[in-house]
Amino acid sequence: MPSPGPPIGVGPTAAYMPMARGAPASAGDRIGRLGCAGESGRRVGAHVELFAHRRVVVVPAGVGMAPPLKASGAYVRAARCSYPVRTREPTGLLELDPRPGPFTLGDLFAIWGQPLSARRLAGFRAPPGTRVAAYLDGRLWPGDPRALPLRRHAVIVLELGGHVPPHATYRFPRGL
Amino acid sequence: MRALLALLLGVAVLAAAAPAALADADPPSDVLLLQSVYYPYQPPVSDKLRRTLDSVVAASGKAGYPVKVALVESAVDLGAIPQLFGKPAEYAPFLGREIAFKSKNPLLVIMPAGIATNNVSAKAQQAIQGIKIDASKQSDGLVAAAIEAVPKMATASGHPVAAVPVPSSGSGNKGGGGTSPLIVFGAPVLLVALAALVAALRRRGDDEEDDDEDEDEQAPAEAST
């Protein structure tokens, strides 16, 4: 396996560390076809990494988890209810409840309460004449990034305002 | 022509030398932005050791030495860059640059293969040279090494922090009171019961030996339904 190359850090402004949820998810309201429910069965993992202007945008812990939350440091251990797509840690690791699936990346951003389109990525807009670049398992996704399938062990990279060679694989923790 | 060949060769060499991918998908880089210690996914660290390391790191911060600690037990802890597992000396500066945007904290990286640091003084580096990692204890072995290392690093850097004894973990916990009486007295009873069961089954097998052929003939018919 090749060298990972130069490391990239999180960007310097608040936009690089967005909030974990908007008003609907905070209230546990239904978002599209997805509801917030108590702890369900086994979840599976997927990974999402975001870059804006060649800096990391953090996918926070607690996306898809309605307060009150039980947090421990950087992690969210429990919530009043969870959506079928959620994060419990700020690493980009997604936990998917496969039963109401299949999901798309649009579902993640809708639950998160952040914009995603060909020109928007969370709090960022693509510079004029450019678009959001989406990669699935290291390959460029040619269509609408919202339609990108969110399946078990999908490795997704989204970029805006500059290219970062995407990684194609991710080591998922056992059980996901 | 020669110049063109040289140019092509140069481009090929540069392409081969260039990193295949820029990466930032190693969990410690994200977690350490929000807390001081990254603990491994698996196996989970014992609560007692975790509490001890958290308090040692907090004491170090209070003493003016806000160290960050990454405990990497397996390649899973490195997410998209598993190729750095087993290479703490390469991973420590890499991780240090990833988390440097907020502040340049001293950084301690511990893997089963060894210990490495970033942004620490030569004295701090020297102070932890002799620390051994008990890799047989997996995640707990890494935590034990960190509990020993952090006070030494802080103290050697002019921020005295008292050393803390490493608590025993898991089955070695003195609070557990040794081997359970249930195991001491229950195991022989269970063995005797098992022996009796085996003997009873053998006797029954002898009694039914004559019927075996009939059962074998019926078995395929049952399976086909």
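Let me start with Leu49(B), which is buried in this predicted model, because 24 other C-beta atoms lie within 10 Å of its own, where 20 or more are enough for that label. Leu49(B) sits in helix H3 of chain B, the helix that runs over residues 47-62. Leaving aside residues up to four places away in sequence, Leu49(B) touches Asp140(B), Val143(B), Ala144(B), Pro167(B) and Ser169(B).

Now to the contact between the two chains, to which chain B gives 30 residues and chain A gives 30 residues. On the side of chain B that touches chain A, the elements giving two or more residues are helix H2 (27-31) and helix H4 (88-98) of chain B. And what is the make-up of that side, in nonpolar, polar and charged residues? It divides into 22 nonpolar, four polar and four charged residues.

Finally, chain A itself, in which there are two helices and 15 strands. Its radius of gyration is 15 Å, close to the 16 Å that the globule rule gives for 176 residues, and therefore chain A is as compact as a globular protein of that length. Taken along the principal axes, the box filled by the C-alpha atoms of chain A is roughly 40 × 35 × 30 Å. Of the 176 residues in chain A, 45% are buried. If we consider the contacts in chain A between residues at least 6 apart in sequence, 64% of them join residues at least 24 apart.

Methods: Residues numbered from 1 in each chain as written. Chains lettered and ligands numbered in written order. Predicted model: local features only at pLDDT ≥ 70, side-chain atom pairs only at ≥ 80, totals over all residues. Helix = DSSP H or I, 4+ residues; strand = E, 2+ residues; numbered from the N terminus. Rg over C-alpha atoms; globule rule 2.2 N^0.38 Å. Buried ≥ 20, exposed ≤ 12 C-beta atoms within 10 Å, placed from the backbone. Contact = placed C-beta atoms within 7 Å. Nonpolar A, V, L, I, M, F, W, Y, C, P; charged D, E, K, R; others polar.
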